[in-house]
Amino acid sequence: MVTLDRSAVRYVVVGLANTGLDLALFTALAVGLDARPVVANVVSTVVVMTISFFVNRSWVFGADDAGARAYAGFVAVTLFSGLVLQSLVILGVLQLAGAVAPEVPHDLAAPAAKVVAMGVGMVSNFLGYRYVFARFGSGTASSSSTTANP
């Protein structure tokens, strides 16, 4: 039996919902409204990141009073994780794949590297968001624990 922090469980739920919303909004803009894919991506990312801030602030980390400074920190954590950390992980995984299993085609290695990077980014974001909401809000960024089956 694994004990999970309640905020970690809630974070995963919010992350899954955000991923679905991001994909749906991106698709509606890029396919439904024929927006350029990059424009659709920027709009969906900003909208979902903002919604994510408010849901993480209140439901995941219980820091309802966290304001503009917390939002700036949230954005900084998200951008660092998404642009810097994930890019480094992708490059590292691709280098490792090329050295260890050069027969694996790039079409398989690249998405696998992105999945690994998303996992690392998810952990990085959780830790960064926990810090941001603990620093800029009065919420208890480490809520009570709940038990989950492995």
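Predicted model: local features only at pLDDT ≥ 70, side-chain atom pairs only at ≥ 80, totals over all residues.
The account begins with the pairing of two helices. Helix α1 covers residues 6-32 and helix α2 covers residues 37-60. Their axes come within 9 Å and cross at roughly 155°. Angles over 145 degrees count as roughly antiparallel, and α1 and α2 are therefore roughly antiparallel to each other. The crossing in which α1 passes α2 is right-handed. Sorted by class, the residues in the contact of α1 with α2 comprise 17 nonpolar, seven polar and two charged ones.

Within helix α1 lies G15. The relative accessible area of G15 is 25%. Since buried means under 20% and exposed means over 50%, G15 is classed as partly exposed.

Attention now turns to another helix, α3, which spans residues 68-100 and contains Q86. With a relative accessible area of 10%, Q86 falls under the 20% limit and is therefore buried. What surrounds Q86, apart from its neighbours within four places in sequence? The residues in contact with Q86 are then S81, K114, A117, M118 and G121. One of these, K114, also has a side chain joined to that of Q86 by a polar contact of 2.9 Å.

Technical notes. Residues numbered from 1 in each chain as written. Heavy atoms only, no water. Helix = DSSP H or I, 4+ residues; strand = E, 2+ residues; numbered from the N terminus. Buried < 20%, exposed > 50% of the residue type's maximum accessible area, 1.4 Å probe, protein only. Polar contact = N/O pair within 3.5 Å; in protein donor to acceptor, adjacent residues only side chain to side chain. Contact = heavy atoms within 4.5 Å. Axes fitted to C-alpha atoms, helices over the stretch in contact; angles between N-to-C directions. Parallel < 35°, antiparallel > 145°, perpendicular 65-115°, else oblique. Left-handed = near helix turned anticlockwise from the far one by under 90°. Nonpolar A, V, L, I, M, F, W, Y, C, P; charged D, E, K, R; others polar.
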